[in-house]
There are 2 protein chains.
Amino acid sequence: MSKIVRVILCGFGHVGRAFARLIETKHADLERRYGVDLRIQAVVDIHGAAVAESEGLPLGALADLAAAHRPIETLETFGRPGLGAIETIREAQAEVLVEATPTNLVDGEPGRSHMIAALDRGMDVVTANKGPLVLAPTELEERARASGARVLVSAAAAAALPTLDVGRLCTAGARIESIEGILNGTSNYVLGRMDEDGCTYEEALGEAQRLGIAEADPSLDVEGKDTRSKIVLIANRLFEKTLTLDEVETEGITRITRADIQSARSRNQVIKLIGSARWRGGDLTARVAPQALDRDHPLASVGLAEKGIVFYTDTMGRIIVTGGASSPTGAAAALLKDILNARVL
Amino acid sequence: MSKIVRVILCGFGHVGRAFARLIETKHADLERRYGVDLRIQAVVDIHGAAVAESEGLPLGALADLAAAHRPIETLETFGRPGLGAIETIREAQAEVLVEATPTNLVDGEPGRSHMIAALDRGMDVVTANKGPLVLAPTELEERARASGARVLVSAAAAAALPTLDVGRLCTAGARIESIEGILNGTSNYVLGRMDEDGCTYEEALGEAQRLGIAEADPSLDVEGKDTRSKIVLIANRLFEKTLTLDEVETEGITRITRADIQSARSRNQVIKLIGSARWRGGDLTARVAPQALDRDHPLASVGLAEKGIVFYTDTMGRIIVTGGASSPTGAAAALLKDILNARVL
């Protein structure tokens, strides 16, 4: 007898669609390996929703809709044009909200309201959306505590690259003294191309945009703001303080020149955009800045669109994690991992 | 109100002593961070034991005894010369057995009997001892299932380097297709010295022995048997088959010459002792052998006494974990991590 876990998916963009397709592909395997019958009970996006009565939405039809990039409210039988996210979250029967609407670093909406609505119903929140996590961490924590629900954030922290799991489970009992990470694929790609091929910043960024690695508006990435969100998110969950975004001195890679790269090369160094946090004497500080790393630094070899993080601990030495697919599928896989860790494992 | 977790420690050698000292150092921090009052209820070694009545052994006195390398049965008030491990495990009141007696790859004893006695009482087993795990995996699994207890093996798998946590929790829901690892610090040190400084095999091994990295009898390490035990242990817990040691084709590093290293160097490669396992078509195969890795292979830069492992997955890309202190403290920290994951987190 499988355990039923029902999910409401909020957001049907790149990550939301990848999640729907992933669950369709993995459903039988998850049932066999973990004894879980994972159902998508409702999906909601900006123009409407699809809501199942009891058995969950038909995964095949949902995956087809996702593959065709068609809006969720057009799902046959179950589509509900105009139905909003808050109503969907309040009405559908589910244990988990998967929040995959776009990150908004101004007020965290609409994700913040979605998360609050779900937590107030006692649902666990599994999210790829960084906005509410970095703008309203205390509010979310209080709501979660009040209802006994959890907020799981792997997909927002670095997606398929494990960061918080390693910092909390794999190093349990050790004290993490500091962390440093390459947390933004676009910036690392641009710096890597400048280093390997002597491109200019503009050439490398243009190439990343043509390849779909960088967004049309890459400013959050290259100005260090995406890295800042991730380091705040990770640090706030590893250390016993809560940092706000404006407490993090942040410098991006927009002023790095070919001459800087060449000069680092001549010293056998490589420039990387590093987000770091340090816990010392009860005080937490974090910073985002380009740094020249020696070639034998564990993050120096993190290539192109990859990511990586180093945990410096008191009793386990340093632990370095690199890799992880930087793709919507990788983010969807991180959402699935959090659901399994929250409800099944 | 803290949760009390009581431990019986079997084995008071390098790792057992490091564990006793670690718990003394960390006790207050563990209580504050995890709400756990971790007590060492009994310690037993070859010539006797020390057993507490109710409150646990005095951690300060125990740590002092460990630091002085004095036998456990000489612990004031609590020492019990001649008391055996099986009697201790059957009589002391505890939730967890920490097994840290030496690995025996012939019949797994005495660790195997200790683990069975603990599992039969419903105690979780947390172990640094590989022998019973690779020689009697099915027996241990059956006993654990019968009593609802668990066997946790991080300290045996690669100690402070997280391997199984990453393969089971951090990648939950993904399918691991293959793994490859540098799992033996001594072999990696020897190969690293031959590569970096042009030493002969004998010079490098002698140096490792003088530095205390290699055992006086390093044959398990350099013949690949330690790597074989670890890859079997890890593979058997990640994949849905159980391999025995003799199913793993194993070659160590004893025949690697300076000429081999130089020849690899000239092709921009580096020779590493790799344990690997592959899951394909429902079949599990594993192998231990020296391999020439390209310099951009994620394990090529794993230095000297470090370790590393790569997980190749279907949906998360490849995930690489390296580092982890190779020391008795690192092994003790891995034991503590497993206790917290089993009983507290």
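Predicted model: local features only at pLDDT ≥ 70, side-chain atom pairs only at ≥ 80, totals over all residues.
**Two copies around an axis**

Residues are numbered from 1 along each chain as its sequence is written, chains are lettered from A and ligands numbered from 1 in the order in which they are written, and side-chain values use heavy atoms, leaving out hydrogens and water.

So what about that axis? The same surface serves both of them: 100% of the contact residues of chain A recur in chain B, contact meaning heavy atoms within 4.5 Å.

Now look inside. The largest nonpolar core has 230 residues, and A:Phe19 and B:Phe19 have the most contacts inside it. Such a core is a set of buried Ala, Val, Leu, Ile, Met, Phe, Trp, Tyr and Cys residues joined through side-chain atoms within 4.5 Å; buried means under 20% relative accessible area, exposed over 50%, and partly exposed in between, using a 1.4 Å probe and protein chains only. Leaving aside neighbours within four places in sequence, A:Phe19 touches residues including A:Val7, A:Ile40 and A:Leu336.

Next, the rings. There are two aromatic pairs over all chains (rings of Phe, Tyr and Trp, the last by its six-membered ring, with centres within 6.5 Å; planes under 30 degrees apart are stacked, over 60 edge-to-face, the rest tilted). A:Phe239 and A:Trp279 have ring centres 6.0 Å apart and planes at 15 degrees, so they are stacked. Both are buried. B:Phe239 and B:Trp279 are stacked as well, at 5.9 Å and 15 degrees.

Finally, charges: the count comes to 50 salt bridges over all chains, each a side-chain nitrogen of Lys or Arg within 4 Å of a carboxyl oxygen of Asp or Glu. In one of them, A:Asp165 and A:Lys337 bring their closest N and O atoms to 2.5 Å. These two residues are 172 residues apart, and both are buried. A:Asp29, A:Arg32, A:Arg33, B:Arg175 and B:Glu240 are linked in a network of salt bridges.

Note on methods:
Helix = DSSP H or I, 4+ residues; strand = E, 2+ residues; numbered from the N terminus.
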